[in-house]
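Thanks for coming, everyone. I'll keep this brisk, and I'll go element by element. Have the view open while I talk.

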Amino acid sequence: MIYDISITALIFFCIFVGLVLGLSFYFGRKKSDSSSYYAAGGQIHWAVNGIAFAGDYLSAASFLGICGMIAVAGFDGFLYAIGFLAGWIVALFLIAEPFKRLGKYTFTDALNSKFNSRAITLAASVSTLIISIFYLIPQMVGAGDLVMPLLGLPHWVGVILVGAIVITIVASAGMASTTYVQFLKGGLLIVLSLILTAYILKNGLTLSPGNKENPYHTFTELKPQVNGNKVTVVPNWELVSQQNVGGKNFVKLSQNGIERWFVLTTANGEPVLKETLTIVQKANGEKLYNGETKDKRKFYQVGHLSKIIVNGKEVDKTGALGPFQYLSTIKESQVVRFLQTKLTDGTDQVAVYYPEVIAGEKFMLPGLKYKIGTGASLWSKLDFVSLMLALFLGTAALPHILIRYYTVKTPRDARKSTILAIAAIGGFYVLTLFIGLGAGVNGVMDVESSNMAAPLLAKAFGAVLFSIISAVAFATVLGTVAGLIVASSGAIAHDFIDIYLKKNLTDDNKVKVGKIAAVVVGIFAILLGMAFKGINVSFLVGWAFAIAASANLPAILFLLFWKKTSSTGISASIVVGIVASLAIILTSPTMWDKYGLGAENALHQMENPALISFPLAVLTVYVFSMLYPKKEVRIVEAA
Amino acid sequence: MHVNSTTEEKEIVTQQKSKLGVRLFFIYLICYAGFVALGVFNYELLSTTVFSGLNLAIVYGIGLIVFAVIMGIIYNYYCTKYEDDADKQEELTKGDQR
């Protein structure tokens with residue numbers, strides 16, 4: 001996408017970031033012992049903690065990722081919303097209170113409260129670190145996506161910006177300040193989503209989205225003469241070349257010295273060439289957007305309806321719609337989405353984004369990303385089950401979610417916070433369905449990254465709404481990243497250095513080491529954020545969930561519900577969970593594509609590892625607990 | 001075992017809550033697994049229009065979200081009741097001893 005700097009957005013953005021930083025310094029000034037750094041001293045009110053829970057959880061993945069995936073893949077994006085919320089059931093019913101009764105500051109402490117085993121400390125701190133990093137990647141990617149339209153800056157600048165701000169916050173304050181940041185942001189996010197949904201329903205559906213200042217681009221359709229599958233003549237255009245990629249015929253045409261790509265399809269039995277969007281990377285480093293340089297601004301936002309049907313009649317626009325009507329009308333209509341493919345044209349690398357018409361009925365069903373219908377392969381069905389399993393089991397095992405159980409006084413408060421969080425998050429996820437669909441059909445999508453669906457939709461409704469939503473989304477990323485970095489610095493400083501290496505740090509030194517660890521993890525996250533640019537952030541978060549579900553959950557569940565669980569069983573299961581899920585992720589099609597080896601050449605076709613790695617970890621904890629039973633039960637005094 | 005449970009009654013409350021939690025969890029698990037199983041084994045059924053022009057996929061999906069919230073409220077209601085009952089019981093016994 002080609003973005004302008006928005007001055008309004010910039011002002012709001014600066015105010016917001018200033019507010020967040022100010023707040024964290026204010027709270028950070030008051031307390032500085034290690035208990036308040038890691039767990040806000042256990043003094044947070046349950047309602048504040050509940051909304052902060054929601055704020056923690058509604059990360060970039062929820063707000064940016066789910067909306068984006070719904071806009072591009074319809075119902076499949078909503079699968080993430082369903083799974084992300086269902087995960088709270090596991091957290092609330094099985095984990096929340098027993099865990100609160102066990103623990104101190106970190107996941108590791110809780111797991112180890114009955115054993116005092118160094119192996120568990122090591123395994124658990126490593127798993128906390130790995131999960132946090134996998135959760136950090138999508139946040140950083142989202143941050144980079146956000147600053148592009150907001151400030152007109154490149155992706156990597158956004159990643160560094162977020163990294164730097166968060167490192168400052170965390171290194172200066174700790175958990176108390178992040179709780180208030182999350183509270184503020186969680187509340188704002190829900191209110192803003194309500195406003196956005198109201199706008200969407202008020203506007204209804206139209207064939208010609210866009211407004212006077214930003215008219216929607218009309219995509220050209222040409223009538224070529226064809227011979228078999230080859231284009232022979234196109235009136236008024238000079239035929240340059242054509243090539244078949246993945247069963248689609250892409251045709252390069254030239255007019256007035258400008259080269260453009262079209263895709264060959266048929267409409268009503270006649271061949272039609274449809275305009276595509278292209279980014280051509282020349283061998284000399286020059287980049288052309290739709291055949292012209294960036295300053296010509298010939299690259300457009302996409303996503304629209306090609307046919308709207310209300311009560312069996314075709315209409316141009318519907319006017320205001322009720323929530324159910326909105327969903328059912330899209331189901332009856334036809335959606336045009338843009339898919340990406342890459343091709344090589346001589347020495348040029350061409351990224352082509354071509355339109356595909358989809359019946360609304362299909363758009364409102366699972367299957368566009370995770371193929372599960374008739375004729376779907378066994379792999380893709382397993383992948384779907386694996387994703388749903390990871391989302392269900394992952395939530396309760398995320399270290400930065402678990403850490404919030406300790407920020408309230410009693411188990412009763414932890415429970416009330418969790419229920420408030422479920423209600424807030426559930427309400428929000430229902431709204432994402434409307435925001436995502438709204439973005440998909442209102443001509444606002446950026447073909448290069450689906451992550452900006454929600455903010456760009458807000459932009460179509462007005463600059464102010466856009467700026468506020470972007471600012472909140474940015475704060476979302478800031479808050480989540482801060483929470484994650486606290487969790488991982490806790491794993492390094494408290495679990496690894498203090499307990500595993502038995503350094504017996506003083507309270508001051510513990511905080512100091514934690515802050516140094518925070519800076520290191522922050523820098524690492526910045527680098528990964530740059531590497532994973534362009535991938536949907538929900539998809540990336542799915543991986544973090546899968547690792548958490550495999551590495552942590554079997555250990556937690558067995559510890560809480562099976563008396564014979566031994567320390568060897570727990571540490572072995574964590575190790576097996578991490579290794580198995582990481583191995584599957586690192587050899588998955590998406591990673592193969594990242595390595596430049598081509599997704600189709602990957603060792604297997606599983607994108608989501610949980611279906612294999614979770615049962616493996618469960619088996620491990622059982623077998624190792626039987627083989628190496630525990631010798632004595634130690635009761636650890638409450639701190 | 002549990003660091004916070006100082007009295008016999010509280011241990012019972014813990015068990016009651018834990019039992020309730022496990023039961024509710026399995027109820028939800030069945031509903032959730034039902035959705036996944038439909039997707040894998042009877043995908044076509046998800047496209048059936050069930051309510052106000054909405055297909056089963058949407059209704060089931062939103063239903064799972066709403067159901068989670070309702071179950072959370074039920075769970076909190078009973079847990080609070082168990083805890084309050086136990087507290088009352090404790091006060092009564094204390095009164096008797098005096």
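**Strands of chain A**

Start in strand 6 of chain A, where I258(A) is the bridge partner of Q255(A). Before going on, a caution: this is a predicted model.

Strand 5 of chain A and strand 6 (residues 258-267) of chain A run antiparallel and are joined by seven bridges.

Now go one strand back. How many bridges pair strand 4 of chain A with strand 5 of chain A? Seven, again in the antiparallel sense, between strand 4 (residues 238-245) and strand 5 (residues 248-255). For a landmark, find E238(A), which stands opposite S254(A) in strand 5 of chain A. The two strands form a hairpin with two residues between them. Look at the turn: G246(A) has a positive phi of about 55 degrees there.

Go the other way, to strand 7 of chain A. Strand 6 of chain A pairs with strand 7 of chain A over six bridges, in the antiparallel sense. Here T265(A) stands opposite V272(A) in strand 7 of chain A. This is a hairpin too, with two residues between the strands. Which residue takes the positive phi in this hairpin? N268(A) does, near 55 degrees.

One strand remains. Strand 1 of chain A runs antiparallel to strand 7 (residues 270-275) of chain A, and two bridges join them. E221(A) has K274(A) as its bridge partner in strand 7 of chain A.

**Domains of chain A**

Step back to the whole chain. Chain A is divided into domain 1 (7-204 + 378-627) and domain 2 (221-363). The C-alpha centres of these two domains lie 36 Å apart. Their contact takes 18 residues from domain 1 of chain A and 21 residues from domain 2 of chain A.

What does domain 1 of chain A bring to that contact? Helix 4 (60-73), helix 9 (175-203), helix 14 (411-441) and strand 14 (442-445) of chain A each supply at least two residues of the side that touches domain 2. Helix 14 of chain A gives the most, with five residues. By class, this side of domain 1 has eleven nonpolar, five polar and two charged residues.

First spot: helix 12 of chain A, residues 378-394. This helix has 17 residues and reaches 23 Å from its first C-alpha to its last, close to the 24 Å expected at 1.5 Å a residue. Its buried residues include D383(A), F384(A), S386(A) and G394(A).

Is S113(A) buried or exposed? S113(A) counts as buried, because it has 20 C-beta neighbours inside 10 Å. Now compare positions with N214(A). S113(A) and N214(A) are 101 residues apart along the chain, and their C-alpha atoms are separated by 60 Å.

Chain B has two helices and two strands. Along the sequence the pattern is α-β-β-α. Of the 98 residues in chain B, 23% are buried.

UniProt, in an unreviewed entry, places the feature "transmembrane region" at residues 20-41 and 53-78 of chain B. In the model, residues 20-41 of chain B are 100% helix and 0% strand, with end C-alpha atoms 31 Å apart. Residues 53-78 of chain B are 88% helix and 8% strand, and there the end C-alpha atoms are 37 Å apart.

Last, the contact between the chains. It takes 37 residues from chain B and 40 residues from chain A. On the chain B side, helix 1 (8-41), strand 2 (54-55) and helix 2 (56-97) each supply at least two residues. Which of them gives the most? Helix 2 of chain B, with 16 residues. The side of chain B that touches chain A has 23 nonpolar, twelve polar and two charged residues.

Methods:
Residues are numbered from 1 along each chain as its sequence is written. Chains are lettered from A and ligands numbered from 1 in the order in which they are written. This is a predicted model: local features need pLDDT of at least 70, side-chain atom pairs count only at pLDDT 80 or more; totals for chains, interfaces and linings use all residues. Two residues are in contact if their C-beta atoms, placed from the backbone, lie within 7 Å. Helices (H or I, at least four residues) and strands (E, at least two) are DSSP runs, numbered from the N terminus. Ala, Val, Leu, Ile, Met, Phe, Trp, Tyr, Cys and Pro count as nonpolar, Asp, Glu, Lys and Arg as charged, and the others, Gly among them, as polar. Domain bounds come from an automatic or database domain assignment. UniProt positions are given in the numbering used here, feature names are shortened, and annotations may be inferred rather than shown by experiment. A residue is buried if 20 or more other C-beta atoms lie within 10 Å of its own, exposed if 12 or fewer, and partly exposed in between; C-beta atoms are placed from the backbone. The expected span of a helix is 1.5 Å times one less than its number of residues. Two strands pair if DSSP finds at least two bridges between them.
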